[in-house]
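Good morning, and thank you for making time for this item.

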Amino acid sequence: MKGKLTGFEIRPDQRQSWTSIAMVWAGGMICVPCLMIGGVLVGGGLSFAQIVLSILLGYGMICAYMIFIGMQACDTGLPVSVMASGALGEKGARYIISAILAIACVGWFGIQSAVCGSAFASMGAGMLGYESASATAVTVCSLVWGAIMLVTACTGFKGLKWLNYIAVPALVVVCLYGIIASMVQNDGAARLATYAPENSAGLIFGMSMVVASFALGGVISADYCRFARSRADVVKSSLVGVIPAGLFMLLTGGVMSVVTGQYDISAILASLGVPFFGLLALVLATWTTNVTNAYSGGLALSNLLGFDESKFKITTGIAGGVGTLLAAFGLLNRFQAFLSLMSGLLPPLAGVIIANYWIVGRGRRDAFQVVEGYFAPGLIAFFVGAFVACLTGGTFASFPGLAWLNIPFFVGPVNGIVVSLLLYTLLAKAMKK
């Protein structure tokens with residue numbers, strides 16, 4: 001059975017310039033997690049040449065599937081949740097996308113709450129004359145700031161958009177200050193000049209971490225690219241909006257991490273002697289971003305449980321509450337495992353969406369239709385692709401009890417997207433025959 005699209009498409013007068021869409025992507029890249037991922041790459045022993053190549057290849061891969069999904073959205077004027085219903089069925093798309101969004105948003109909420117708590121604890125320790133904050137102080141501050149962010153998300157805070165106008169430019173200034181401080185302090189310039197790690201986790205590890213940093217953004221790009229005026233505008237906005245900003249932020253995090261030897265951005269800034277206002281900017285940046293995580297996670301959970309939007313405060317409270325507890329119990333220490341999970345689950349979803357429209361439907365707007373209920377080819381292809389991505393990308397190795405399910409091969413996210421795309425194409429064509 002085929003469903004209707006009425007009520008979802010956008011009007012021609014709602015189309016936007018490619019530069020405005022590119023600014024949305026650039027704004028999304030200028031965030032605390034990107035700094036941390038730069039530190040993770042250094043922690044993996046990658047040289048700067050490998051880091052740059054990982055960033056270009058990783059974001060290049062994301063932009064590739066982001067562009068195909070975005071061009072489909074531009075053609076149809078539809079958000080990703082409706083586009084996915086052509087490959088997974090309406091119910092399949094609803095449950096899979098809602099579950100993935102809920103996991104992603106709750107996880108990011110917990111990580112950013114932990115970052116915010118760590119930064120605030122570092123500020124407090126510095127003001128009291130201590131060299132560093134205790135683990136208890138970090139836990140308490142993570143709980144307090146998680147609660148503050150959660151209340152803000154549930155009740156609404158009209159001043160939040162103004163905080164965002166301050167926080168994003170301030171974070172850029174903090175990054176620039178951090179680079180300068182890393183050069184002049186602790187023999188930073190000498191450390192950078194002599195940085196030559198002996199044991200590298202390799203380019204594949206680097207690509208996987210980079211892909212995970214924006215895998216969610218690449219999948220939900222349809223929600224923004226549907227406002228583009230043409231397919232060419234989708235290509236320009238994706239490449240210009242993602243790669244330059246991502247390269248700057250990850251390299252900044254990497255440079256500061258080389259000097260300090262850690263990837264916890266709050267600890268890095270504290271060790272570099274960044275002033276009080278620098279750490280305050282970090283707190284504000286995580287606050288403004290995390291309110292969106294809690295709200296989006298709440299809406300995804302509402303959709304997953306079959307609630308209407310009127311109950312979003314309850315589900316937002318649940319999503320934010322779980323994220324806050326995860327922050328308090330050390331989710332920040334499992335940052336790499338979380339990134340690996342995201343890189344395993346998200347690209348295969350893009351694979352089935354792309355295969356449905358561009359291979360089976362040959363990129364024709366009139367060939368796209370919503371399938372009611374569940375669509376077996378899409379569901380099977382997604383789950384198999386996600387399993388392959390996790391199996392070959394080291395995701396299972398990050399979780400106790402599942403380490404035996406680890407067969408490293410090439411790049412896990414690439415394997416997942418290729419398997420889901422090919423398997424969907426074969427199954428969908430077989431069903432049609």
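Before I name any element, one definition is required: helices are DSSP runs of type H or I with at least four residues, and they are numbered from the N terminus. Please also keep in mind that this is a predicted model.

With that numbering, Thr252 belongs to helix 12. Is Thr252 buried or exposed? Its relative accessible area is 1%, so Thr252 is buried. Setting aside residues up to four places away in sequence, Thr252 touches Leu35, Cys175 and Ile179.

Let me stay with helix 12 and turn to its packing. In general, two packed helices are described by the angle between their axes and the distance between the axes. Helix 12 covers residues 231-260, and its axis comes within 9 Å of that of helix 3, residues 48-76, with a crossing of roughly 155°. Angles over 145 degrees count as roughly antiparallel, and helix 3 and helix 12 are therefore roughly antiparallel to each other. The handedness of this crossing is right-handed. By class, the residues in the contact of helix 3 with helix 12 comprise 21 nonpolar, four polar and two charged.

The second pair is helix 6, residues 90-127, and helix 17, residues 376-393. Their axes come within 10 Å and cross at roughly 25°. That angle makes helix 6 roughly parallel to helix 17. Here the crossing of helix 6 past helix 17 is left-handed. Which residues make the contact? On the side of helix 6 they are Gly92, Ile96 and Ile100, and on the side of helix 17 they are Leu379, Phe382 and Phe383. Five of the residues in this contact of helix 6 with helix 17 are nonpolar, one is polar and none is charged.

Helix 2 contributes Pro33, Met36, Ile37 and Val40 to the contact, while helix 16 contributes Phe335, Gln336 and Leu339. The contact of helix 2 with helix 16 has six nonpolar residues, one polar residue and no charged residues.

I turn now to the cysteines. How many disulfides does the structure hold? The number is zero. Cys74 is in no disulfide, and the nearest cysteine sulfur, which belongs to Cys225, lies 8.2 Å away. With 7% relative accessibility, Cys74 counts as buried. Cys105 is likewise in no disulfide, its nearest cysteine sulfur being that of Cys31 at 13 Å. Cys105 also counts as buried, at 6% relative accessibility.

Cys225 sits in helix 11, residues 222-225, and counts as buried at 0% relative accessibility. Apart from neighbours within four places in sequence, Cys225 is in contact with Trp25, Gly70, Ala73, Cys74 and Val234. In sequence, Cys225 and Gln72 are 153 residues apart, yet their C-alpha atoms are 8.8 Å apart in space.

A contrasting pair involves Ile21, a residue of helix 1, residues 18-29. Ile21 is buried, with a relative accessible area of 5%. Its contacts, not counting residues up to four places away in sequence, are Gln16, Tyr224, Phe227, Ala228 and Ser237.

Finally, I come to the backbone. Most residues other than glycine have a negative phi. Where does Arg362 lie? Arg362 lies in the loop between helix 16 and strand 2, and its phi is near 55°, a positive value in a residue other than glycine. At 67% relative accessibility, Arg362 counts as exposed. Phe410 also has a positive phi, near 50°, and is placed in the loop between helix 17 and helix 18. Phe410 is partly exposed, with a relative accessible area of 47%.

That concludes the presentation, and I welcome your questions.

Note on methods. Residues numbered from 1 in each chain as written. Predicted model: local features only at pLDDT ≥ 70, side-chain atom pairs only at ≥ 80, totals over all residues. Heavy atoms only, no water. Axes fitted to C-alpha atoms, helices over the stretch in contact; angles between N-to-C directions. Helix = DSSP H or I, 4+ residues; strand = E, 2+ residues; numbered from the N terminus. Parallel < 35°, antiparallel > 145°, perpendicular 65-115°, else oblique. Left-handed = near helix turned anticlockwise from the far one by under 90°. Nonpolar A, V, L, I, M, F, W, Y, C, P; charged D, E, K, R; others polar. Contact = heavy atoms within 4.5 Å. Disulfide = S-S within 2.5 Å. Buried < 20%, exposed > 50% of the residue type's maximum accessible area, 1.4 Å probe, protein only.
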